[in-house]
Protein chains: 2
Amino acid sequence: MTEKSALALDNQLCFALYSASHAFGRAYRQFLDPLGLTYPQYVVLLVLWEKDDITVKDIGEKLFLDSGTLTPLLKRLEAGGLIRRIRDREDERQVRIRLTDSGRALKEKAQDIPKTIGCILDLPSDEVSALRRQLGDLRGKLQAAVSKP
Amino acid sequence: MTEKSALALDNQLCFALYSASHAFGRAYRQFLDPLGLTYPQYVVLLVLWEKDDITVKDIGEKLFLDSGTLTPLLKRLEAGGLIRRIRDREDERQVRIRLTDSGRALKEKAQDIPKTIGCILDLPSDEVSALRRQLGDLRGKLQAAVSKP
DNA sequence: CACCATTAGATTGTGCGCAAGATAAATTTT
DNA sequence: AAAATTTATCTTGCGCACAATCTAATGGTG
């Protein structure tokens, strides 16, 4: 009787994650639209606001995204005047990504987004940390399972 | 000193969710590829395996997806011979989705996927339930915040 | 009944996410 | 040094997500 239906939608952790993730995306949209950003573009900027002048590969490793996703996204950020893509002189295989003044300035306007989202979630900060850690563990286990076999 | 950087990637619950969700998708891929399914197609089938002969709208409400996403996805499932899309005689606006024999039969082959994923995650079932509930709460709060203002 | 709003789906356009394959530069081997 | 291998990025193609717009059918209202 513990079995019930393993295939029931409501029993699926993955679906809970999948649908919550999309809900997050829709919630962020209302704050990012005015900045002209999508959520993936925003997280790329989060990375650059922490450390500027890094390679596409560096960004990909932090965000778990490959160049097939990042190259066109970065081109759009460049077209929007927020970053520049510069071939590395030392190693011509690499492309270094640098914020423009305009890209750096956008950080100010994004400053309040996390707090606003935090208010919506209305969770104690230790619960948020716990969740973040658990999700990180999940991601780690899933990645390990995919890369090996 | 509690503030640190609200914009730091590692402090973002949303990013933890976003990256874990993608990791899930990549993990499922190796089990769904042999069945010729994508993850979104799989969750549509989960819904139909629980209750057959429902409308596109019904599916959309369970999965939090709109017709812009579902219509082409369902057409692909129909092209693959797993479902049929039938205009409702009573209300010609609706399209009812029904599993074919082949679509029903696929349930057998999908039966072991949740357990396999469960082994990868290797979490006590009460922790999984707790996570699922917390993620459901998050989704609810985010949805409420998006629809109102 | 005629009019108007609502509803269910379909369509169009944009932007991911990722697999697979291509290109070119660096590195290692021979 | 030439050849083979590895590495970083780009490109192509497919399938979501979703906003916005459209069409057609239904359900009121006066």
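Which helices and strands of chain A and chain B each supply at least two residues of the surface near DNA strand D? In this predicted model, chain A contributes α1 (13-32), α3 (56-63), α4 (67-79) and β2 (83-87), while chain B contributes α2 (39-50) and α4 (67-79); helices (H or I, at least four residues) and strands (E, at least two) are DSSP runs, numbered from the N terminus. Because the model is predicted, local features need pLDDT of at least 70 and side-chain atom pairs count only at pLDDT 80 or more, whereas totals for chains, interfaces and linings use all residues. Residues are numbered from 1 along each chain as its sequence is written, chains are lettered from A and ligands numbered from 1 in the order in which they are written, and side-chain values use heavy atoms, with hydrogens and water left out.

The same surface serves both copies, since 100% of the contact residues of chain B recur in chain A, where contact means heavy atoms within 4.5 Å.

DNA strand D is surrounded by 30 residues, of which A:Tyr18, A:Arg26, A:Lys57, A:Lys75 and A:Arg85 are the closest; a residue is near a strand if one of its heavy atoms lies within 4 Å of it. Of the atoms of DNA strand D that come within 4 Å of the protein, sugar and phosphate account for 81%. The residues of this surface comprise seven nonpolar, 10 polar and 13 charged, with Ala, Val, Leu, Ile, Met, Phe, Trp, Tyr, Cys and Pro counted as nonpolar, Asp, Glu, Lys and Arg as charged, and the others, Gly among them, as polar. Phosphate oxygens of DNA strand D lie 2.7 Å from a polar side-chain atom of A:Thr71, 2.6 Å from a polar side-chain atom of A:Lys75 and 3.2 Å from a backbone N or O atom of B:Glu92.

Phosphate oxygens of DNA strand C are found 2.7 Å from a polar side-chain atom of A:Thr38 and 2.8 Å from a side-chain N or O atom of A:Arg76.

In chain B, three strands form an open antiparallel sheet in the order β1-β3-β2, two strands being paired if DSSP finds at least two bridges between them. Its edge strands are β1 (54-55) and β2 (83-87), each of which pairs on one side only. Five bridges join β2(B) to the antiparallel strand β3 (residues 95-99) of chain B, and B:Ile83 has B:Leu99 as its bridge partner in β3(B). Helix α4(B) packs on the sheet and touches β2 and β3 of chain B, its direction making about 120 degrees with that of β2(B); axes are lines fitted to C-alpha atoms, for helices over the stretch in contact, and angles run from 0 to 180 degrees between N-to-C directions.

Technical notes
A polar contact is a pair of N or O atoms within 3.5 Å; within protein, one must be able to donate a hydrogen and the other to accept it, and residues adjacent in sequence count only if both atoms are side-chain atoms.
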